[in-house]
Amino acid sequence: MSTTAVAPLTIQDAEALVAAAHRAAGAAGVAVSVTVLDAGGHLLAFRRDDRAVLISGETSTRKAYTALQLNAPTADLVDAVQPGGPFHTLPTALDRPLLFIAGGVPVHRDGRLIGAIGIGGGAPEQDHAFAGSAVEVLA
């Protein structure tokens, strides 16, 4: 069986994602924190706007981790953790808590998961839009 190698998420890719997310948030007048993780969950890039609340850094990291672990945008998973949902107990089952609030988006290259971006600081819908627009810079 042969497999095709996919280029991993690089530091340069991560920095481009962070810059694009901050441009989008800045254009909307929103102060955010942005976290980019590689496919192994390792931190590649992080930036917190000086005006963003401190907790936005933890929020952005947990959103990125959640999107990475489940390979899905966190906005698509919100209902899954409600009582009776398929992931109802998942947020507390792992060593690192997951965060099911819009703003985490997996990053793919050639159809394969290579990392994730998480944004915290704005309204969840804003964070999701900023993350989605940032991922487009790698397309």
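Contact here means heavy atoms within 4.5 Å, and among contacts in the protein between residues at least 6 apart in sequence, 63% join residues at least 24 apart. The structure is a predicted model, in which local features need pLDDT of at least 70 and side-chain atom pairs count only at pLDDT 80 or more, while totals for chains, interfaces and linings use all residues. Residues are numbered from 1 along each chain as its sequence is written, and side-chain values use heavy atoms, with hydrogens and water left out.

The protein has 3 helices and 4 strands, taken as DSSP runs (H or I of at least four residues for helices, E of at least two for strands) and numbered from the N terminus. Along the sequence these elements follow the pattern α-β-β-α-β-β-α. Of the 139 residues in the protein, 45% are buried, a term that denotes under 20% relative accessible area, with exposed meaning over 50% and partly exposed in between (1.4 Å probe, protein chains only).

Helix 1 has 17 residues and reaches 24 Å from its first C-alpha to its last, close to the 24 Å expected at 1.5 Å a residue, where the expected span is 1.5 Å times one less than the number of residues. Its buried residues are Asp13, Ala14, Leu17, Val18, Ala20, Ala21, His22 and Ala25, and these pack against strand 1 (33-38), strand 2 (43-48), strand 3 (104-109), strand 4 (112-120) and helix 3. Gly29, with a positive phi near 75°, follows helix 1.

Two packed helices are described by the angle between their axes and the distance between the axes. For helix 1 (residues 11-27) and helix 3 (residues 124-135), the angle is about 135° and the axes are 8 Å apart; axes are lines fitted to C-alpha atoms, for helices over the stretch in contact, and angles run from 0 to 180 degrees between N-to-C directions. The two helices are therefore oblique to each other, since angles under 35 degrees count as roughly parallel, over 145 as roughly antiparallel, 65 to 115 as roughly perpendicular and the rest as oblique.

On the side of helix 1, Leu17, Ala20, Ala21, Ala24 and Ala25 meet Phe130, Ser133, Ala134 and Val135 of helix 3. By class, this contact has 8 nonpolar, 1 polar and no charged residues, with Ala, Val, Leu, Ile, Met, Phe, Trp, Tyr, Cys and Pro counted as nonpolar, Asp, Glu, Lys and Arg as charged, and the others, Gly among them, as polar. Ala129, also found in helix 3, is partly exposed, with a relative accessible area of 43%.
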